[in-house]
Number of protein chains: 2
Amino acid sequence: MHNSGSTMQSHVVDITTEVPEVPEVPEAHPVAPPPKQSTLQRLKIWIKETFFSDDPLRQFRGQPLQRKLILGAQYVFPILEWAPKYNLKLLKSDLISGITIASLAIPQGISYAKLANLPPILGLYSSFVPPLVYVVLGSSKDLGVGPVSIASLVMGSMLQDEVSPIEDPDLFLKLALTSTFFAGLFQAALGILRLGFIIDFLSKAILLGFMAGSAVIVSLQQLKSLLGIKHFTKKMAIIPWSWQTIVMGISFLVILLLARQVSIKKPKLFWISAGAPLVCVIISTILAFAIKAQHHGISIIGKLPKGVNPASTDKLIFNGSHLGLVIKTGFITGILSLTEGIAVGRTFAALRNYKVDGNKEMMAIGLMNVVGCTTSCYITTGSFSRSAVNNSAGAKTAMSNVIMSLAVLVTLLFLMPLFHYTPNVILGAIIITAVIGLIDIPAAYLLWKIDKFDFLVMLVAFFGVIFISVQYGLAMAVGLSILKVLLQITRPKTVMLGRIPGTDIYRDLYHYKEAARVPGFLILRIEAPINFANITYLHERILRWIEEVEENLMKDFSLQFVVLEMSAVSTVDSSGVSLFKDLNTALEHKGLALVNPLAEVLVKLKKADEGHKKIREDYLFVTVGEAVASLSSTLKAPTVGEEVQETVVE
Amino acid sequence: MHNSGSTMQSHVVDITTEVPEVPEVPEAHPVAPPPKQSTLQRLKIWIKETFFSDDPLRQFRGQPLQRKLILGAQYVFPILEWAPKYNLKLLKSDLISGITIASLAIPQGISYAKLANLPPILGLYSSFVPPLVYVVLGSSKDLGVGPVSIASLVMGSMLQDEVSPIEDPDLFLKLALTSTFFAGLFQAALGILRLGFIIDFLSKAILLGFMAGSAVIVSLQQLKSLLGIKHFTKKMAIIPWSWQTIVMGISFLVILLLARQVSIKKPKLFWISAGAPLVCVIISTILAFAIKAQHHGISIIGKLPKGVNPASTDKLIFNGSHLGLVIKTGFITGILSLTEGIAVGRTFAALRNYKVDGNKEMMAIGLMNVVGCTTSCYITTGSFSRSAVNNSAGAKTAMSNVIMSLAVLVTLLFLMPLFHYTPNVILGAIIITAVIGLIDIPAAYLLWKIDKFDFLVMLVAFFGVIFISVQYGLAMAVGLSILKVLLQITRPKTVMLGRIPGTDIYRDLYHYKEAARVPGFLILRIEAPINFANITYLHERILRWIEEVEENLMKDFSLQFVVLEMSAVSTVDSSGVSLFKDLNTALEHKGLALVNPLAEVLVKLKKADEGHKKIREDYLFVTVGEAVASLSSTLKAPTVGEEVQETVVE
């Protein structure tokens with residue numbers, strides 16, 4: 001038949017000088033059935049690969065009990081891993097970075113709380129307690145924890161649909177805290193149930209569109225603050241506005257944007273953009289105090305309560321007409337903030353070459369929010385801007401979060417009166433500067449270049465968020481992404497293979513121009529699992545390939561074997577197995593050979609074939625080369641020896 | 001490097017005696033980029049493969065205009081294909097089969113109309129007009145058209161939720177006809193928009209469970225008719241029932257079931273089960289007339305209107321509070337009847353080796369229902385039982401439907417008074433006999449054997465339909481099927497490959513026990529498209545493979561190359577390409593080689609890599625063998641020549 005076995009050994013010669021055993025003229029290799037597994041075994045493997053793919057218990061195996069307990073405690077509280085080894089040198093680094101992020105966190109906190117339509121003080125509360133919780137439970141060394149713009153915006157706008165933050169600020173606050181509770185619950189549940197892959201459905205394309213859309217909304221919203229307008233109304237023109245506010249707003253916006261540009265151009269100068277918000281707050285506050293801003297129509301923050309976070313368990317409401325709203329808001333903000341937190345954690349972990357356990361992070365962020373909502377904190381997560389600054393400032397451990405937290409504590413206890421004169425307009429400028437960074441044109445262009453469909457998904461998210469709503473925009477984009485995946489399954493590619501001359505390698509005729517068809521054979525590769533959703537299509541498409549080859553495209557009147565290359569068919573279901581039965585019936589006068597059916601596929605085909613004997617053992621091959629070699633010997637007259645007439649597809 | 005090119009040629013020797021050109025020591029084959037395509041070209045190909053995969057215009061190409069027109073007319077009206085060639089011999093066959101199915105259709109029609117809570121006469125109307133429409137438009141030669149049990153049951157039970165057929169029979173009839181209109185519209189739209197793949201989502205597993213569940217419901221329902229009980233109530237015990245009804249019902253049920261068994265055992269005696277219902281109707285009617293049934297508590301059909309289908313356009317209502325219901329009912333019954341019609345059409349087409357165009361069939365069935373609803377017909381489709389009898393009785397063309405239709409016409413015009421005394425109980429017996437055939441225990445067992453998850457889907461459909469409702473039962477089962485497909489995408493398999501000794505073939509180490517690892521290499525096959533939903537998983541899983549190989553499982557301290565076999569990665573999206581960037585970063589001190597990236601994947605990888613230069617051209621290979629051969633030469637000291645120490649995975 002053929003003798004590749006002995007000749008192919010030449011490959012091996014490269015890595016070993018001894019050839020152990022060379023069979024003289026080996027037969028085609030039999031397609032072995034895989035080892036038997038019981039249903040229970042398969043279920044176990046499936047559960048492990050699906051839900052415990054990271055094998056979290058691996059480190060415990062074979063350890064003595066005491067060590068197991070220590071590892072267990074460290075698993076639950078990652079702080080136990082690094083705290084014992086903590087030293088003064090590390091503290092020095094963490095102190096610097098902690099103070100740096102505090103200087104960013106304080107103005108950001110106040111601004112984002114305003115973005116969420118909440119009292120500014122909430123932003124400071126949320127920068128005090130959650131970081132302390134994260135330090136104990138989190139496994140990232142770089143994550144800077146606190147309120148973030150996206151989650152703040154989404155929470156603010158979703159709750160606003162039902163309750164006005166101006167007319168009923170108390171109820172609004174209660175709903176925000178309750179939403180935070182549900183967000184935390186949901187986040188922790190995802191981690192505990194190991195369903196973290198749900199956040200993967202918010203693909204980069206979706207986030208890109210969503211963040212840009214949010215940035216547009218937020219920027220427009222903040223314009224009113226910047227222009228000193230309280231509410232956009234149809235009568236806007238007759239509302240009195242102050243040129244002083246506009247001048248101040250624009251000036252500081254320009255300063256902040258310039259600072260941002262400098263840090264983008266020279267990453268070493270990261271502290272310029274990190275410190276700029278606080279400097280702007282200080283300068284604008286002094287300015288406002290000096291010129292008595294309120295007399296010039298510049299609105300100021302006003303009196304802020306002094307003291308640490310008050311308990312807020314009494315503010316959580318689990319009944320009433322708004323329960324649906326808070327659950328929905330919790331779900332969406334929970335997912336969004338989780339996505340940001342996990343992505344940021346992973347990014348910096350990859351940069352510094354340590355590992356972050358996704359499921360553990362979800363539990364940490366979830367618990368942080370559950371604890372947070374009982375101490376007057378609204379939703380928090382790992383913030384990209386804080387983490388970047390934290391990392392750039394040289395943070396070594398999560399201790400920098402503690403330092404930041406302490407700095408916020410000092411502010412809460414002693415410095416609150418200083419913010420009395422801070423102009424609201426400066427907060428708008430800080431927010432705009434933050435969200436403008438969310439619009440990533442080069443990434444959108446790359447998307448267009450690589451995958452047009454992903455670009456479309458991005459556009460749907462972008463316009464959906466702007467013109468419909470956050471939740472529908474996201475839902476539409478996710479739906480479209482899933483539809484694409486389903487379409488790929490429903491319409492799998494089938495590709496005709498040919499031989500690369502002078503080898504035994506069979507590849508896509510269209511892709512490898514030098515490849516050539518083997519007359520008498522139609523070799524197709526099926527590029528998807530075969531299941532209920534695509535058997536009809538595959539059946540029709542394969543028959544059309546045969547017709548095309550026989551009729552016009554290839555003018556091969558002697559087609560005798562259809563060879564299906566199944567390496568890419570990762571699985572079949574109970575409908576999928578019927579495809580082969582149907583094809584066997586349709587190809588009565590031709591041979592149907594299967595090449596390299598994978599373990600699972602082979603098992604199912606054999607089970608389904610019991611009693612029918614439709615699948616011929618001798619028509620199963622390990623490689624296309626062996627299939628062609630073996631079947632060629634049975635080819636009828638006209639094609640044998642015609643290889644010179646090989647036709648190439650155009 | 002290697003010399004497989006020359007040696008592998010030995011395969012070719014089997015089909016050609018001349019070796020055209022033998023390069024002496026060829027290099028590894030370069031991974032060629034595929035020919036360039038513009039976005040527009042790719043869009044065109046995508047649309048063609050997705051929506052016009054059957055290439056319906058192929059037959060028109062290169063034909064003269066006149067021929068094109070004829071082909072076009074035949075395409076729209078398949079009757080033009082066979083009618084000109086029709087002859088007396090064909091007519092003889094069709095006449096016999098037409099009359100045979102009429103004898104089945106008349107009692108079935110009356111029974112199924114009752115199942116849909118509609119007046120029995122509707123069943124006869126629906127067996128008269130729709131077959132005539134189908135004859136003109138349909139492309140199946142075997143399809144027997146008329147009302148079917150599943151769609152009748154579903155329509156009856158869905159409409160009953162809002163309107164009582166007993167209290168307001170007129171409104172109920174109007175809703176049924178309007179639902180039929182929407183069903184037809186929806187069916188035709190699916191065909192025109194070429195979205196026929198939607199019905200593929202009702203997999204065999206779902207239909208199996210759904211039909212069995214429906215059969216249970218219907219059988220229970222019909223028991224009341226069989227036992228002479230008008231309504232199941234809590235006071236059932238005190239409702240007077242007649243033993244005569246019970247005796248008659250049970251007797252005829254036994255006769256019908258016996259007739260069915262005979263035809264199953266001996267397929268040649270198909271006419272016994274085909275004729276049994278009519279015979280039973282005749283005997284029971286005579287009996288009822290003779291013993292004056294109404295005096296014995298046996299309920300009879302009563303007076304039926306004489307004459308052909310009255311127009312019913314005035315009965316279609318497109319406003320009012322029930323619009324949502326009729327659209328929903330139309331959608332579900334439309335999909336279900338389409339599924340049955342298409343499946344039956346395809347089954348018999350495959351048996352007799354002709355082709356049925358799915359999209360055209362959808363238009364035909366859809367138009368049939370749209371026309372039907374204007375002539376007092378409720379939903380119809382290709383019925384399995386009628387088609388089977390039609391085929392067995394030797395039907396040659398769709399003309400047998402015309403014969404059946406004429407027989408029904410004669411019945412409507414002249415024989416209606418004969419049904420006056422037909423006992424209702426006989427209809428119950430006919431229905432039970434029909435639906436019992438829907439319970440397919442061996443198929444369920446096969447499902448269990450082949451795919452446990454499909455079995456679960458079947459159970460969900462079964463219990464969902466019985467205990468919740470038709471629409472939720474179906475939705476849950478479809479949702480579960482889609483979830484499974486999504487889980488396969490989210491958690492793709494990665495498999496470690498090893499070399500089959502004495503060859504250059506690399507296969508799953510677990511599946512092929514004789515395969516052995518190549519020290520220094522980790523060769524992984526990724527078995528799914530790489531996209532947003534699985535990059536995180538794949539990244540983690542690949543790193544875990546590396547850890548396992550280095551740490552304990554394989555004790556390979558010299559791992560230097562990770563080779564990813566990408567034959568099964570049919571596509572990547574914009575998120576997918578980042579996996580390779582991330583892996584390259586994570587595997588800084590190891591080499592990452594890609595084997596056989598498919599055309600689309602290669603293009604996207606290169607586009608994403610522009611400017612980064614992370615993907616090394618010399619780390620792309622056409623086969624694993626060539627990758628190993630080529631990279632082995634760069635392996636560092638300890639592993640070279642150690643092949644004898646190959647470790648095999650247990």
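Helices α5 and α15 of chain B are roughly antiparallel to each other, because their axes cross at roughly 150° and angles over 145 degrees count as roughly antiparallel, under 35 as roughly parallel, 65 to 115 as roughly perpendicular and the rest as oblique. The structure is a predicted model, in which local features need pLDDT of at least 70, side-chain atom pairs count only at pLDDT 80 or more, and totals for chains, interfaces and linings use all residues. Residues are numbered from 1 along each chain as its sequence is written, while chains are lettered from A and ligands numbered from 1 in the order in which they are written.

In chain B, helix α5 covers residues 88-115 and helix α15 covers residues 384-392, and their axes come within 9 Å. Helices (H or I, at least four residues) and strands (E, at least two) are DSSP runs, numbered from the N terminus. Axes are lines fitted to C-alpha atoms, for helices over the stretch in contact, and angles run from 0 to 180 degrees between N-to-C directions. The crossing of α5(B) with α15(B) is right-handed; a crossing bears that name if the near helix is turned clockwise from the far one by less than a right angle, and is left-handed if anticlockwise. On the α5(B) side the contact involves B:S97, B:T100, B:I101, B:L104 and B:A105, which meet B:S385, B:R386, B:V389 and B:N390 of α15(B). Two residues are in contact if their C-beta atoms, placed from the backbone, lie within 7 Å. The residues of this α5(B)–α15(B) contact divide into four nonpolar, four polar and one charged. Here Ala, Val, Leu, Ile, Met, Phe, Trp, Tyr, Cys and Pro count as nonpolar, Asp, Glu, Lys and Arg as charged, and the others, Gly among them, as polar.

Chain A also contains a packed pair of helices α5 (residues 88-115) and α15 (residues 384-392), at an angle of about 150° and with axes 9 Å apart. That angle makes α5(A) roughly antiparallel to α15(A). The crossing of α5(A) and α15(A) is right-handed.

A further helix pair in chain A consists of α7 (residues 129-137) and α14 (residues 358-373), which pack at about 145° with their axes 9 Å apart. The crossing of α7(A) and α14(A) is right-handed. Residues A:V129, A:P130, A:V133, A:Y134 and A:L137 of α7(A) meet A:M363, A:A364, A:L367, A:M368, A:V371 and A:G372 of α14(A). The contact of α7(A) with α14(A) comprises 10 nonpolar residues, one polar and no charged.

The UniProt record, an unreviewed entry, places the feature "transmembrane region" at several spans of chain A, including residues 118-136 and 270-291. Such positions are given in the numbering used here, feature names are shortened, and annotations may be inferred rather than shown by experiment. In the model, residues 118-136 of chain A are 68% helix and 0% strand, with end C-alpha atoms 28 Å apart. Residues 270-291 of chain A are 95% helix and 0% strand, and their end C-alpha atoms lie 32 Å apart.

The description now turns to the sheets. In chain A, six strands form an open sheet in the order β4-β3-β5-β6-β7-β8, with mixed pairing; two strands pair if DSSP finds at least two bridges between them. The edge strands of chain A, β4 (506-508) and β8 (620-621), each pair on one side only. Strands β6 (residues 561-565) and β7 (residues 591-595) of chain A run parallel and are joined by five bridges, and A:F561 has A:G591 as its bridge partner in β7(A). Helix α21 (residues 535-551) of chain A packs on the sheet and touches β3 (494-499), β5 (521-526) and β6 of chain A, its direction making about 150° with that of β5(A).

Chain B likewise has an open sheet of six strands, ordered β4-β3-β5-β6-β7-β8 with mixed pairing. Strands β6 and β7 of chain B pair in the parallel sense over five bridges, and B:V563 stands opposite B:A593 in β7(B).
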